[in-house]
Amino acid sequence: MNISTPAAPETIDVAQVAVQSRGYWATVLQRLRRDRVTLFFGGIVLLVILISVFADVIAPHDPYKASMIKRLKPVGTEGHWLGTDETGRDMLSRLLYGGRLSLFMGIMPVLYALAIGGTLGIIAGFVGGRVNMVIMRTMDVFYAFPSVLLAIAISGALGAGIGNAVLSLTLVFIPPLARVAESVTTQVRNLDYVEAARASGASAGKIIRVHVLSNVLGAIFIYATSLISVSIILASGLSFLGLGVRPPEPEWGLMLNTLRQAIYVNPLLAALPGVMIFITSLSFNLVSDGLRSAMDIRV
Amino acid sequence: MLGYILRRLFYVIPIALGVSILVFALVHIAPGDPLNAVVGADAPAQVVEKLKKDYGFDQPLPVQYVRWLGRALVGDLGLSVVNNQPVTSALAVAVPNTLMLAIVATTIGFVIGSLLGGLAGYYQGTWIDKVATGFGVTGVSIPHYWLGIVLVIIFAVELNVLPATGIGPGGSDGWQFDWAHLRHIILPAITLSVIPCGIITRTVRATVAEILSQEFVQALRAKGLLNGRIMLHIVRNAAPTVLAVMGLQLGYLLGGSILVETVFNWPGTGYLLNDAIFRRDIPTLQGTILVLAMFFVVLNLLVDIMQTLVDPRMRRS
């Protein structure tokens, strides 16, 4: 697992994006409409979000209600058609509810990191000089850790818990987002029309708002969506290690962990939570790829 | 060239210092007293005071840091608070095991990834491309700890042809080159290889496609060169990028094998780290993370230098 280092994005069609301004979003929509793979997996992402949000309506059972006599029932049992877990709780209900925490812990760190890392990167890129050096060299230190190691080190030191896991993953994703934001901002800053705006007396705030943000946000946003897939796998991985969500909360990674003892008794059941993580992460990844090519962004 | 290498070497120093500060700081963001793992909460005050002195926890933080760093530089990472053994001796057992697993996994990833990525890039737009690209996306989207469990279910539980856990027969804790040990590395290595597999497939595909679109390939074709000979040119041009990605992947796997090591009870650094976290063994936690991060820093440096040697255009600022 790792975040692929954003290779220096030498070729971003910022100029093109700007030129197309009016027809741009129409073009993007049209491209998306033709992209069946992205539409299909976009539908799955939506479905996963919906079943998580409405888990309390859809779930056939209470996800916390254990039963001594109904432990580890196989998939296809009447009344529990995805079986029951090691304490007799309904698997289907737990998988539905599990999406809430898994999605929350996967998406929130990326959003926080997008806000913090994006801001740091834009400041570094726009101001340049010493500010840039301080910010980017600090990021380099975080970059010196493989992402899994950094996430586990921080949440291992802080201890288990949802908040700690979200915090550690946020720290993992800030540096790559800051790097992308910095390099895109630096490029935009040096474009002729930004120079022209500066020469004609526009304030720094206005230049950032009007010229830089409109060009930089798309690129950072797309890069952030590509991190969600990694984040979901890492977040569930932390819970799998016992560092994220604590029992008895339903969460896919934690369920995968507690069901490990069942692999000899009921292997299919033990593998189910991982299927959910896989489908969700794969869908987010493909949607991100689709959006990227539809928006014609190369980072 | 030499100047660049020296500058690059020099640049590693602040990074390494930053890393050491971060690793040291980990202890102090940790809630609770690091001594809790050694003595119970009801231990007499003098005992706690004496232990504090012995471990150096009574000094101000900067002093503790400088002392810790000074000792770490000469290879002393302190004593484990769990078993009072030097952290370095635990690492001496664990690091080779993790290194072995990471190298085998990277090699598998490199071979399969280059093959699939090369095919995909060469036959762009065909079904071969689609299958290989799909494989690449799957490799980076799959929760590998789950893949490990699935492989255990298939090959150890159902088919019963490969061992489910451990590094060797009978609770062996070190690697040996024999079939009995080799059987144990197959599943964890395959599990760990899916990530580099996916990433190398994607990289090779993009690189090959880019090279194919360059004019010199057309010139070679026009010259009447056979496909095999053209391939040779492509490989030569793609090699620096692919080797760099592979080097970085090895570093990621060294630090990222903790989940796989947990699934397979592989006695490496990840296993050590996991154990240290749950026993709140801070010196072991710090030492392991420091060593793994330094491996990564050095590997990054080597990749940079090698890339520059192969292709001076790659020089990173």
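Modeller: Let us begin with helix packing. An axis is a line fitted to C-alpha atoms, for helices over the stretch in contact, and angles run from 0 to 180 degrees between N-to-C directions. Helices (H or I, at least four residues) and strands (E, at least two) are DSSP runs, numbered from the N terminus. In chain B, helix 4 (residues 87-122) and helix 9 (residues 227-256) pack at an angle of about 145°, and their axes are 9 Å apart.

Modeller: A word on the source: this is a predicted model, in which local features need pLDDT of at least 70 and side-chain atom pairs count only at pLDDT 80 or more, while totals for chains, interfaces and linings use all residues. Residues are numbered from 1 along each chain as its sequence is written, and chains are lettered from A and ligands numbered from 1 in the order in which they are written.

Biologist: What is the handedness of the crossing of helix 4 and helix 9 of chain B?

Modeller: A crossing is left-handed if the near helix is turned anticlockwise from the far one by less than a right angle, and right-handed if clockwise. The crossing of these two helices of chain B is right-handed.

Biologist: Which residues make the contact?

Modeller: Two residues are in contact if their C-beta atoms, placed from the backbone, lie within 7 Å. Helix 4 of chain B contributes residues including Thr98(B), Ala102(B), Gly109(B) and Phe110(B), and helix 9 of chain B contributes residues including Val242(B), Met246(B) and Leu250(B). As to classes, Ala, Val, Leu, Ile, Met, Phe, Trp, Tyr, Cys and Pro count as nonpolar, Asp, Glu, Lys and Arg as charged, and the others, Gly among them, as polar. This contact has 10 nonpolar, 5 polar and no charged residues.

Biologist: How many helices and strands does chain B have?

Modeller: Chain B has 12 helices and 0 strands. Its C-alpha atoms fill a box of roughly 85 × 60 × 30 Å along the principal axes. Among the contacts in chain B with a separation of 6 or more, 74% join residues 24 or more positions apart.

Biologist: How is burial judged, and is Ala90(B) buried or exposed?

Modeller: A residue is buried if 20 or more other C-beta atoms lie within 10 Å of its own, exposed if 12 or fewer, and partly exposed in between. Ala90(B), in helix 4 of chain B, counts as buried because it has 22 C-beta neighbours inside 10 Å. Leaving aside neighbours within four places in sequence, Ala90(B) is in contact with Ser80(B), Gln85(B), Leu272(B) and Thr284(B). Of the 317 residues of chain B, 38% count as buried.

Biologist: Which residues touch the most other members of the largest nonpolar core?

Modeller: A nonpolar core is a set of buried Ala, Val, Leu, Ile, Met, Phe, Trp, Tyr and Cys residues joined through C-beta atoms within 7 Å. The largest has 152 residues, and those touching the most other members include Leu149(A), Ala151(A), Ile149(B) and Ala293(B). Helix 10 (residues 204-241) of chain A gives the most to this core, with 17 residues.

Biologist: How do the two chains meet?

Modeller: In total, 42 residues of chain B are in contact with 37 residues of chain A. On the side of chain B, helix 6 gives the most, with 9 residues. That side has 32 nonpolar, 9 polar and 1 charged residues.

Modeller: One helix pair spans the chains: the axes of helix 6 (residues 129-143) of chain A and helix 1 of chain B come within 9 Å and cross at roughly 65°. Angles under 35 degrees count as roughly parallel, over 145 as roughly antiparallel, 65 to 115 as roughly perpendicular and the rest as oblique. These two helices are therefore roughly perpendicular to each other. Arg137(A), Asp140(A) and Val141(A) meet Pro14(B), Ile15(B), Gly18(B), Val19(B) and Leu22(B) there.

Biologist: Which backbone features deserve attention?

Modeller: Most residues other than glycine have a negative phi, and most peptide bonds are trans. Asn84(B), however, has a positive phi of about 65°. Asn84(B) lies in the loop between helix 3 (61-73) and helix 4 of chain B, and counts as exposed, with 8 C-beta neighbours inside 10 Å. Asn265(B) has a positive phi of about 50° and is partly exposed, with 14 other C-beta atoms within 10 Å. In chain A, the peptide bond from Pro247(A) to Pro248(A) is cis, with omega near 5°.
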